[in-house]
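Please look at the sequence and the model below, then read the notes.

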Amino acid sequence: MSEKLSTIDLVNKNLARRYRREKRFRAYGIASIMFGLLCLVILFADIIGKGHSAFLQTYVRLNVELSAEALGISDINDPSQFVRANYDGVLRNALRERFPEVNKRREKRNLYGIISNGAGYQLRDLLEQNPQLINTRVDIWVLADDDYDTYYKSRSSDGSEAYTGRFSETQIGWIEALIADGVVEKRFNRTFFQAGDSREPEQAGIRGAMMGSLYTLIVTFVLSFPIGVAAAVYLEEYAHKNRFTDFIEVNINNLAAVPSIIFGLLGLAIFINFFSMPRSIPLVGGIVLTLMTLPTIIISSRAAIKAVPPSIREAALGIGASKMQVILHHVLPLAMPGMLTGAIIGMAQALGETAPLLLIGMVAFIVDVPGGITDPSTVLPVQIFLWSDSPERAFVERTSAAIMVLLGFLIVMNTLAVLLRRRLERRW
Amino acid sequence: MEATVGSANTIGKLNSEAPVSKATANYKEQAAGKTVGIPFVEHPKMSMRDVQVYYGDKQAIFDVGLDIGKNEVVAMIGPSGCGKSTFLRCLNRMNDTIDICRVEGSLKLEELDIYDPKLDVVPLRARVGMVFQKPNPFPKSIYDNVAYGPRIHGLVSRKSELDEIVETSLRRAGLWEEVKDRLLSPGTGLSGGQQQRLCIARTIAVSPEVILMDEPCSALDPIATAKIEELIAELSANFTIAIVTHSMQQAARVSDRTAYFHLGKLIEVNETEKVFTNPDHELTEAYITGRFG
Amino acid sequence: MDKLSIGQHISGQFNADLEALKTELLEMGGLVEEQVISAVKAITSADSELAEQVITREEEVDNFEVKLDEQCTLVLARRQPAAGDLRMVLAVAKIIRDLERMGDEAQKIAKMALELNEEGEAPRGYVELRHIGSLVHQMVINTLDCFARFDVNLALNVAKEDGRVDQEYKSAMRELATYMMEDPRSISRVLNIVWAIRSLERIGDHSRNIAEHVIFLVKGLDVRHVSVKEMQRKLGQEDD
């Protein structure tokens, strides 16, 4: 009271506190971002740490005697004989040759387990292409069984530490002997990207699920984008504002928040039970996901249409363009980037969706890679779900690898969307 | 002087049923009934009688009667919200885009009833073009901007004809020399004044009879404004022009007659020189001399 | 229908500018009026000192003209006045020209007073001079009044009075011409009086011009180069 401070003194007095507050305020933001980044790093580190080894696969080199007699092939010009030939037999012979001390029946069976039971097909493919190899001795690399694969991958370089699982001493002895021979090798796991699902981890691949996802998404996009855009255009440009359109609007917003499993039930009830469409096919999956993504696409498309400057609309109307011409020539091209963004978000959602697909049977165990939208298939997230449920340890790394593939799929889609937007975006 | 205005208002409304020729014959009397000055002319290009415009329950325009003569430039001035833009947008039914807007009265383009419910607005807007406040070229090339109107109306059958229309329109808009080397570059890359002239070129490309301009220079700098005004003077040789403007100097410079709107009513219409040296109505005087609070 | 007022602009500075124009013009008018009275008095009372004073003060009138002219230009450039305001500025610019000429005429009368004092009194003409002088003086007062009050009727009166001055002038000329024929020796002295009366008549004409400018200012009607009757007709029609 006694002394009067001038305005500038008062301002200066508070200045330090004000700056401190500013700094704190900024720090909150940075802290949140750091927290988010940290979570992301942990997640990625975990997934990549677990999954990277799935891209490599252990192979064993065997010296195989391809005698026509043992194979049961008498005429090399007869393809049917190649199909029926006893490949497993020659492979087993090769194993017995390598470990002649094994003679008990049980042990023999264990010994045969070193190589994958898909190795026979590998040999068949080789012979079908090179029939002249018959009656020769060849060194071929065959897939190792998943247990040996896991052992070899987890083994430290001197062989002191490794994940042994349910291995017996003898089994460890065999594999160590093979390693000592230098006939065990890790190679890039092509099977993982070329095969469908399998009970045997070393033969299980992601391709079936990838193609299933792709077909499902194609169906979803082809259906939901035109329908969503058409609905948005009608609601924005033509519909009069009244109670009915308000009602529709509220319901669209509500639909966007409906749990996705409900859409699955709807798909099951209508498409499969009522229309008797087959189960497990991408067509039905795509339709169900369309129902789920439509609200997202409609809402974002409407926002994009609303964002088109009214001056452009007026300009076109002022020249005498009809309503349809205004929409087709001006509104849609300008709103396209926004609508595509909405569509991509919807697609990304659909790509990650599991629950509704479980209900329409896309959770089945399907070995074949689907060739079209009416072939039974599964999708990436469902595949991840299936593998994470499997007891074999080799599936753990495959689960993580599948997650990585799914993320890669998403990144590709988003990049595509960004590129598309850039091409379409026009300044006004 | 209060009494003068008051008595003028009591003379009564003019009969909208009366044919145009009869209305023009005794226009002086009718003018006294509603609007001071000379709102009506002989052989008008557009004639509006008893126009009422409502936005929902709110009336925006009251009993406006105005003629626009052939090849005449009529400027509409008035404070914000006086209804001048609303009235202008009635003339090619741009108000149709607003759901709650309702127009009553008779609005005629020569013998054509503009608000005939059976009328197709597309040909109407080809005859009555519009230039807007903000330059709004389409995000397309300069060429496509000008060619858009002729294309959608099917005015041309060959590319060479279209080229010719584009060139003459740009020439008439005084833009040809500036853009002839970059016809395919985007129209949005031009300066504000050039964009507005592009919009005018786009409008005249469909050869309208009437051009409506809604504050065409309000977003432009003085030099661009001067160019547009020059252009308006040139265009008035071939087109009938109605222009809404906030700049009284602009109205004084470009127009033949000036109409003053106030709170939705047409207060005075007179020769522009008369309005700006010696307006008849005190409201007009107060507005143009800057006495409105 | 008198609707002229110079206040109530949104811009207070504009009000002040116009107000300043008006007051300074009236000040200038007051000065010119004084010059006219003094000049006439210098002749009638043979006061050389007064005559000298009138001649020196003419410079003040000129200064007023230059200053007001500048102000008018400034208002035009800054405010782009329209309607009544525009007419106000234009009228002021024209009125100062007439006032300046009136000042010049007063100076001429004062010069005649000096010559009369040197050459000796004129035998005739003082009565006419005094009579016309008082008529013109009244005209000048009325002119300034009608501008100050934007009074069209008073302006019309000024125009009518100018007719009377013209008649008085003609009859005075006829009489003095007759006298000069009778007494050729006094011609040069009587001529001095004649020039003074001629100047007074010119002052009357300028007053009428100013009155016409006032009518233009208030009514926006151009009443130059027309008879008083025509003027009345125009104004009368306007009043209907």
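The model is predicted. Two pairs of chains are in contact, and chains A and B share the most contacts.

**Chain A: extent and interior**

- The C-alpha trace of chain A spans about 100 × 75 × 40 Å along its principal axes.
- Among the 428 residues of chain A, 35% count as buried.
- Taking the contacts in chain A with a separation of 6 or more, 76% are between residues 24 or more positions apart.

**Which chains touch**

- Of the two pairs of chains in contact, the pair with the most contacts is A and B.
- Chain A and chain C are joined by no contact, and their closest C-alpha atoms are 32 Å apart.

**The contact between chains B and C**

- Chain B and chain C each bring 16 residues to their contact.
- On chain B, at least two residues of the side that touches chain C come from each of helix H11 (248–254), helix H12 (272–277) and helix H13 (282–288).
- The most is given by H13(B), which supplies three residues to the side of chain B that touches chain C.
- By residue type, the side of chain B that touches chain C has six nonpolar, seven polar and three charged residues.

Definitions and conventions: Residues are numbered from 1 along each chain as its sequence is written. Chains are lettered from A and ligands numbered from 1 in the order in which they are written. This is a predicted model: local features need pLDDT of at least 70, side-chain atom pairs count only at pLDDT 80 or more; totals for chains, interfaces and linings use all residues. Two residues are in contact if their C-beta atoms, placed from the backbone, lie within 7 Å. Helices (H or I, at least four residues) and strands (E, at least two) are DSSP runs, numbered from the N terminus. Ala, Val, Leu, Ile, Met, Phe, Trp, Tyr, Cys and Pro count as nonpolar, Asp, Glu, Lys and Arg as charged, and the others, Gly among them, as polar. A residue is buried if 20 or more other C-beta atoms lie within 10 Å of its own, exposed if 12 or fewer, and partly exposed in between; C-beta atoms are placed from the backbone.
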